[in-house]
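Subject: Structure handover

Hello,

Here is the structure we talked about. Please load it first, then read the notes below beside it.

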Amino acid sequence: HVAAALRVSEPPTPSETSKRLGSYYDDLRTWTSLARHFGYGGGVENLTVHRRLADPRHAGRPTTTRVHDVIAESLPPLSHPRILDAGCGLGGTLLDFVRRYEGTALGLTLSDAQRRRALDAAQAHRLGSRIDVRVQTYDAPPEGPFDLVVAVESLAHSAAPGKSVAALAAVLRPGGVLAIVDDMPLPAALETEDFDAFRRGWLAPVVWPHARFLEAFDEAGLRLLVDRDVTPALRVRTLARIRRLMLVNRWLRRAAPSKRWRAILDSHHGGLALERLYRRELMEYRLLVARRV
């Protein structure tokens, strides 16, 4: 009995992890649609829930689509590219880049509901023949070659970011470009309660700092082209507002009727903890662009 009590459970298999993340994305989509009015997310109407950045096109007001312009400003010229979106979500980035570059695109998600939503949007915008979406992990991406691979706020969910970067680099054509935008902690963030809450709530087993990505690029045969700190454009709530929303979250979690809803509220709490890390200047929002040499 003592041996049984002390036995360490087996870690989840990759397929179990993918299934869990797919369910997480499905639940999060429902929650975001319902709860954005009292402090969570936003951007579903644009098929993207990316970080809110000050947007010159909207008189400086923050939008969840500004990140597309930030990426495009940093890319080399592209003409009718074949694009892979590693973690495409609801498909907003796919639609934007296919129209912007007159190319074709393939999106990867672990959520069948997200896949259907993205494909419906492509059809509605008369881009169905140029956009495809698959329920598939980016650690085993479809065969290339791709001219551009983008991963916007998706590699935080990777259990092995180095493996993920290498897999994505391998399907680039020679000279092709990988663009990653993500939350990257500073060393002082790693021992904080907010960082732990962010990782738990967002099912983010490994959240790499900036320097680890640069090492992974070198190991994968990628040459860094752009290293841009986008944090100054980020718009997050005040510490007082975050504190109030955390109190609401705590009350809602106590009243949650099921484990599923408690997990969703843990994700909400993780997002608030991430905002607090930004407020305390312990996190960076960075764009990295690298070319396969």
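In what follows, contact means heavy atoms within 4.5 Å. Please keep in mind that this is a predicted model.

**Overall**

The protein chain has 293 residues, and 50% of them count as buried. Its secondary structure comes to 10 helices and nine strands. Take the contacts with a separation of 6 or more: residues 24 or more positions apart account for 74% of them.

**H9 and H10**

H9 covers residues 239-255 and H10 covers residues 259-279. Their axes are 10 Å apart, and the packing angle is about 165 degrees. Angles over 145 degrees count as roughly antiparallel. H9 and H10 are therefore roughly antiparallel to each other. The crossing of H9 past H10 is left-handed.

Which residues meet? From H9 come Leu-239, Ile-242, Leu-245, Met-246, Asn-249, Leu-252 and Arg-253. On the H10 side they meet Arg-262, Leu-265, Asp-266, His-268, His-269, Leu-272, Ala-273, Glu-275, Arg-276 and Arg-279. The residues of this contact divide into eight nonpolar, three polar and six charged.

Two of the charged residues pair up. Arg-253 forms a salt bridge with Asp-266, with the closest N and O atoms 2.6 Å apart. Arg-253 lies in H9 and Asp-266 in H10, so the pair ties together parts that are 13 residues apart in sequence. Both ends are partly exposed: Arg-253 at 33% relative accessibility, Asp-266 at 28%.

**H3 and H4**

The next pair is H3 (residues 66-74) with H4 (residues 92-101). They pack at about 45 degrees, with axes 11 Å apart. That makes H3 oblique to H4. H3 passes H4 in a right-handed crossing.

His-68, Asp-69, Ile-71 and Ala-72 make up the H3 side of the contact. The H4 side is Gly-92, Thr-93, Asp-96, Phe-97, Arg-100 and Tyr-101. By class, the contact residues divide into four nonpolar, three polar and three charged.

How much of H4 is buried? Eight of its 10 residues are, so read H4 as mostly covered under a cut-off of 20% relative accessible area. The buried ones are Gly-92, Thr-93, Leu-94, Leu-95, Asp-96, Phe-97, Val-98 and Tyr-101. They pack against H3, strand E3 (82-86), strand E4 (104-109), helix H5 (112-124), strand E5 (131-135) and strand E6 (146-152). Glu-102 follows H4, and its phi is positive, near 55 degrees.

**Salt bridges**

The count comes to 18 salt bridges. Some of them form a network, which links Arg-57, Arg-66, Asp-69, Glu-73, Asp-96, Arg-100 and Arg-228. Asp-69, Asp-96 and Arg-100 also belong to the contact of H3 with H4.

Two further pairs deserve a line each.

- Asp-227 and Arg-286: their side chains meet in a salt bridge at 2.9 Å, N to O. Asp-227 lies in strand E8 (residues 222-229) and Arg-286 in strand E9 (residues 283-292), so the pair ties together parts that are 59 residues apart in sequence. Asp-227 is partly exposed at 32% relative accessibility, whereas Arg-286 is buried at 10%.
- Arg-212 and Glu-215: their side chains meet in a salt bridge at 3.5 Å, N to O. Both lie in helix H8 (residues 210-219), three residues apart, about one turn of the helix. Arg-212 is partly exposed, with a relative accessible area of 37%. Glu-215 is partly exposed too, at 42%.

**A loop residue**

Last, Leu-190. Where does Leu-190 sit? Its place is in the loop between strand E7 (172-185) and helix H7 (193-201). Is Leu-190 buried or partly exposed? At 34% relative accessibility, Leu-190 counts as partly exposed. Leaving aside neighbours within four places in sequence, Leu-190 is in contact with Pro-185 and Phe-195. The C-alpha atoms of Leu-190 and Val-207 are separated by 9.4 Å, and the two residues are 17 apart along the chain.

Best wishes

How values were computed. Residues numbered from 1 in each chain as written. Predicted model: local features only at pLDDT ≥ 70, side-chain atom pairs only at ≥ 80, totals over all residues. Heavy atoms only, no water. Axes fitted to C-alpha atoms, helices over the stretch in contact; angles between N-to-C directions. Helix = DSSP H or I, 4+ residues; strand = E, 2+ residues; numbered from the N terminus. Parallel < 35°, antiparallel > 145°, perpendicular 65-115°, else oblique. Left-handed = near helix turned anticlockwise from the far one by under 90°. Nonpolar A, V, L, I, M, F, W, Y, C, P; charged D, E, K, R; others polar. Salt bridge = Lys/Arg side-chain N within 4 Å of Asp/Glu carboxyl O. Buried < 20%, exposed > 50% of the residue type's maximum accessible area, 1.4 Å probe, protein only.
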